[in-house]
Amino acid sequence: MKTMNLFKNLRLLAILCSAITIVGCNNDDDAAPEEENEVEVFTDVTLIFTNTADTSDVVRASAQDPDGTGIQELQILDAITLAADTEYTLTYEILNALDPTDVEDIGAEILGEDNEHQFFFSFTEGAFTSPTGNGNIDTASEPINYNDQDENGNPVGLSTTWTTPAATSAGGMFTARLQHQPDIKTATTGSNDGDTDFALTFVLNVQ
Amino acid sequence: MKERLLLSICLFFGSLFAMAQKEPCAYSVSGKVLDADTEETVPYAVIRVEGTEKYTSTDREGNFKIDGLCSKKNTLIISCIGYADSTRDHEHDSEIHFYLAQEVTGLDEVTIQAQRTKEKGTETISQVTIGKVEIDGNPTQSLAAILSRQQGVTYASAGTNVQLPVIHGLYGNRILVLNNGLKHGFQNWGTDHAPEIDIASANSITVVKGAAGVRYGPEALGGAIIVEPNSLLLNNPFYAELGTGYQTNGKGYNANVALGKGTERWSFFANGNYTRIGDRNTPDYSLTNSGKEEKAIGLGVLHHLDQWDFKVNYSFVDQNLALLRASIATSPDSFTRAINANEPIIINPFSYDIGQPSQTTQHHLAKAEINWWYTEGARLTLIGGLQLNKRNEFDVRRNAELPIIDLDLLTYDYQLEWKHPTWHGLNGLLGLQYFGQDNDNNPGTQTTPYIPNYNTDRFSAFAVESLVFGKNTVEAGLRFDFETNDVRGREINQAIFRDNYTFTNFTGTLGYVRRLSENSTFRTNIGTAWRTPNMEELFSFGQHSFKTTFGLLRFKDTNGVLSTDEVTPLDESRVNPERGYKFINEFQTHKNGNSHNITVYSHFIENYVFDRPIGVFGTVRGPMPAFIFDQADVLFLGAEYSWKKEWTPTVSSSFGASYLWSRNVGDNDSLINQPPISTNVELKWNQGKVWLFDSSKWAIRPSYTFSQFQAARTITPASLVDGSIELTTESEIFDFADATDGYFLLDLSWSFRWNNLNGGIRLQNLLNTAYRDYLNEMRYFADEPGRNLLFTLKYTLKTSPQNE
């Protein structure tokens, strides 16, 4: 009787063990995570100053951080050297080149989300005849010649206009800063609202 | 006596007393069994009178009475756990303690303080348990918050919703969270991932403060937290509990339901819980995006045969937790502004809405357990568990509606345990365990995975033996683990990297308990533990919250120059597992209504993994502060003291204080985010019957937390960004802001019972103090919540027993 019980018990145990084992069948795979299309990183930003009187006269100044969030330092590759007494339109080339075989243009995306973005600027006092002053990073109400507006009538800055003075200068400073302001962008939001997509400072020369 | 089969929660031992009367065989003893830790009543404990056939069990309120005793002086044997079966007389796993009776005159009733039996492998380690009453009074709190009232336990947090228990300065996966007998399988890394456990369904929560690795798994360097679910009582009449709560801070509401029934052979329970809280308020402003929504269910069924128990459990927790909006700073500039501002830089009106940043998790747990008492005093246990943890995290970013982290973690657990019959005085438990995890990234986050895909398989064997001789108990344990990891991740340029690594390790524990007298006990334990650095510590790369962090295998330091362009395989790196040696001593004494508990410990950890800032580096967003994970030898020395005093039968008080000293002794440097000194006093008044109420209890609890005097030096983000301070890999550790000031908090509570209705009002932070908690990551940005009034009500429906 006792043996019978023991046998019964062991059989019961065996059935339950196998039931549990089936539940836990391990789908051991060795797949890597799928490739992701990295949209958060900018590796190459180029400021493009185009002479409005002569569109073949283009000044480009680039900054590059080839490894994105890697520890490698940002490199400011060029100084901005503009001609005196000239009007320029400033536009951008913003790229993600983390994967050299699949370079992505982020500028189009910013245009698509222009009601969440605004460019702000800071430069050596009096570096331009228009806009005057030292830019709108410190005080948002200071003048900048925005050429574009979002659907709410607020400035964006994918295109801005700059006029250099007749006098030459060297070793000045020019900072362009793109702020991401989802849900908070208004006519009065400044450079401290939202988060910074990029903030790049170049040497500015006028000759 | 009716045959009764009872399964009850574990407990034990007491000082006991018998009531004397004059005539022979007309003596009686009556009383109440209370849990010594939680002061809750203990139902279904069996009280026997040694040398007689007399026995009884306590009722649901913990009361018992035994008549017809022939002697003035009796020895009571109290047992619980397992089964007390009058006819078959097999007491499954019950642990019996004998205490000589003291002659008591002039008392009608005695109170027996029962202490919980400690889990095998932890008998010599200091531990503390929180019971159902305490849990029910705080239905909207997190696991960590409810534990933090205990000495030596606090919590690290990332805001109001994400709170991780900290034991003696250690947290994260150095603390093992055992939920329903299974290691909680979740994304256990960083300070922003808390265990997804619905405490409303827990029956008790035990904190083991020593290295409990032998029994539960090697990572438990700092200790273990054991969450026990409903105990599935047999022969328990149908009951249903309906509870609700409302809190003023965050306009939070909660509803929970639990029901169950036990027959002679079967028992089941089911419970559900829903909590929703909106934005919390500090005394001065609203914490925008600090709400949460949580749903949980739990089910359990027990089938009992003469020698067998079959138990199945399932639980599900669904959380949606908001993180403070103002904490998100994607550039050093906005971080500087956020940290310098007195108030969060984004404050919106109150809302229940949960926006970014936030995290959602669904956690499923299924478990089957078989116990077989194949012979007297011996048991075989087989446990199989399966957990699925699905986690999505959302950040303020270009594609905010897409999760930035989207992980599925599958955890398998098999445990076979043999409690062997007593052999030459040795009581012991031997076990085999398999633990496996399979972590997968779901595609579509549009960002490089922060945590790679991986498979972990661990095969373990352990043995724990204890020997009692006289007033001494010696406990020793040994564990063997073999662990393999297979890792697949992506570089930032989307190239695939792979790694495989294996560890083989032994863990040991040795402890000793001596009952110094009837009232005093001394415990000492030395335990070792080891831990593989977790996936974040090894493989993190890039930005997560405001930090850019590089895991141990993601950077190279060549003569002080850092590079992050390749992943080093673990075997070729200098990375070693952490190894901890914890020595913990506890002295407890209870006498004349006074009880004292002193715990002193030292903990040395080799290759302790921590993150530290190494400076700033340029990005298109501006100079970013960069952090690396590093390893060093560290030492923790600590002590805690608690004193409970019963001033009158209705008034009692307790005092507690915790102290921890910690240092990176390898590099002679500070550690960051270590718990500061804290002290508290609690005064309780059990008013008894008053007006309509069957009971009315009051408690007032002032507490003071000191400023962390061992904090690292402060370097402001501004001084890093403007280059006025430069750091190297050899620099001394720093923090971005000074350690928070000390703060005084006052809590007040009143609870009552009226027939089947229990309820209470808790006033938290009564003085509406504005303060910041040093262990809260959000201390850089915002104050802690202000005054809160929490109302709770619970209705219990009980049917009367059919056969009594």
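Predicted model: local features only at pLDDT ≥ 70, side-chain atom pairs only at ≥ 80, totals over all residues.
Residues are numbered from 1 along each chain as its sequence is written, and chains are lettered from A in the order in which they are written. Local features need pLDDT of at least 70, side-chain atom pairs count only at pLDDT 80 or more, and totals for chains, interfaces and linings use all residues, while side-chain values use heavy atoms, with hydrogens and water left out.

Chain B places 65 residues in contact (heavy atoms within 4.5 Å) with 55 residues of chain A. The buried area (accessible area, 1.4 Å probe, that two parts lose on being put together, summed over both) is about 4,900 Å², and carbon and sulfur atoms give 52% of this. Arg398(B), Val620(B) and Arg621(B) supply 18% of the area that chain B buries against chain A, more than any other three residues. Strand S35 (residues 594–619) of chain B contributes five residues, the largest share of the side of chain B that touches chain A; strands are DSSP runs (E, at least two residues) numbered from the N terminus. By class, this side has 27 nonpolar, 26 polar and 12 charged residues, where Ala, Val, Leu, Ile, Met, Phe, Trp, Tyr, Cys and Pro count as nonpolar, Asp, Glu, Lys and Arg as charged, and the others as polar.

In chain A, four strands form an open sheet of mixed pairing in the order S4-S11-S10-S7; two strands pair if DSSP finds at least two bridges between them. Strands S4 (80–82) and S7 (117–123) of chain A stand at the edges with a single partner strand each, so one side of each lacks a neighbour in the sheet. Strands S10 (residues 169–180) and S11 (residues 195–206) of chain A run antiparallel and are joined by 10 bridges. Gly172(A) stands opposite Leu204(A) in S11(A).
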